[in-house]
Amino acid sequence: MDKTKVLTFLQTDEGKKLLQPRLDRHFTKSLETWKQNSLPKLIEEHEKRKLTPDQRHEMELAKIKQELEHKKKMKALKIKSDETGLDAFTNTNELVKALATLEDEQAFKTIETLSEHFKSVLDRLVSVEVDSRFREMQYTPMLGDNSNLNNGLMTKEHILKMSYEERANLFTQNPDYYRHIMNS
């Protein structure tokens with residue numbers, strides 16, 4: 001096929017019937033893209049032209065106020081997530097952006113709930129890891145000869161009754177066990 005035959009065919013009714021649906025799809029897609037990108041701006045500009053200078057000024061002030069309130073809310077959410085320690089578990093900026101769409105009270109409540117959840121999960125993971133390490137070592141700390149409390153196993157109450165020197169010695173000898181008992 002040469003170029004002139006193709007162009008001649010496209011000028012016929014059959015060629016136009018073949019080509020027109022493709023052109024229409026392309027045009028429709030272009031029109032939709034233009035509507036999404038340009039139409040809102042054009043409508044806003046048209047509406048602004050109808051307004052008096054005072055109304056335009058009020059509209060701009062309202063827009064600035066809305067932006068400032070949004071920034072204030074974002075900052076408050078960031079501070080709250082930092083206060084609860086949530087920043088240790090997740091990307092705070094992404095979380096704040098997601099929560100900014102919620103009402104203030106609901107956003108703060110969500111931050112607290114997430115923080116509590118992450119902390120409890122972390123505590124459980126640490127506890128499981130400490131227990132597994134004790135099992136691997138087959139180590140069960142004993143109180144010694146002078147106590148039959150809890151079959152010779154240490155308890156938090158017993159550690160609290162120890163002198164500072166005894167607690168420091170226990171911590172030095174086995175810091176993971178000390179933390180495990182004190183946090184249980």
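The model is predicted. The largest pocket holds about 220 Å³ of space. The salt-bridge count is three.

**Largest pocket**

- The lining consists of Asp123, Val126, Ser127, Val130, Asp176, Arg179, His180, Asn183 and Ser184.
- Helix H5 (104-137) and helix H8 (175-183) each give at least two residues to this lining.
- By class, the lining splits into two nonpolar, four polar and three charged residues.
- Asp176 and Arg179 belong to the lining, and their side chains also form a salt bridge.

- Asp176 pairs with Arg179 at 3.7 Å, N to O.
- The two residues are about one helical turn apart, because they sit three residues from each other in helix H8.
- Asp176 is partly exposed, at 34% relative accessibility.
- Arg179 is also partly exposed, at 42%.

- Glu32 bridges to Lys35, with 3.6 Å between the closest N and O atoms.
- Both residues lie in helix H2, three residues apart, or about one turn of the helix.
- Glu32 has 38% relative accessibility and counts as partly exposed.
- Lys35 is partly exposed as well, with a relative accessible area of 35%.
- Lys50 and Glu47 form another salt bridge, at 4.0 Å from N to O.
- About one helical turn separates Lys50 and Glu47, since they are three residues apart in helix H2.
- Lys50 reaches 57% relative accessibility, so this residue counts as exposed; the cut-off for exposed is over 50%.
- Glu47 stands at 40% and therefore counts as partly exposed.

- Leu39 is placed in helix H2 (residues 13-50).
- Helix H2 also carries Glu32 and Lys35, as well as Lys50 and Glu47.
- Leu39 is partly exposed, with a relative accessible area of 31%.

Notes
Residues numbered from 1 in each chain as written. Predicted model: local features only at pLDDT ≥ 70, side-chain atom pairs only at ≥ 80, totals over all residues. Heavy atoms only, no water. Helix = DSSP H or I, 4+ residues; strand = E, 2+ residues; numbered from the N terminus. Buried < 20%, exposed > 50% of the residue type's maximum accessible area, 1.4 Å probe, protein only. 1 Å grid on protein atoms, 1.4 Å probe; cavity = no way out; pocket = protein on both sides within 12 Å on 5 of 7 lines; lining within 4 Å. Points joined across faces, edges and corners; volume = space filled by probe spheres on them. Nonpolar A, V, L, I, M, F, W, Y, C, P; charged D, E, K, R; others polar.
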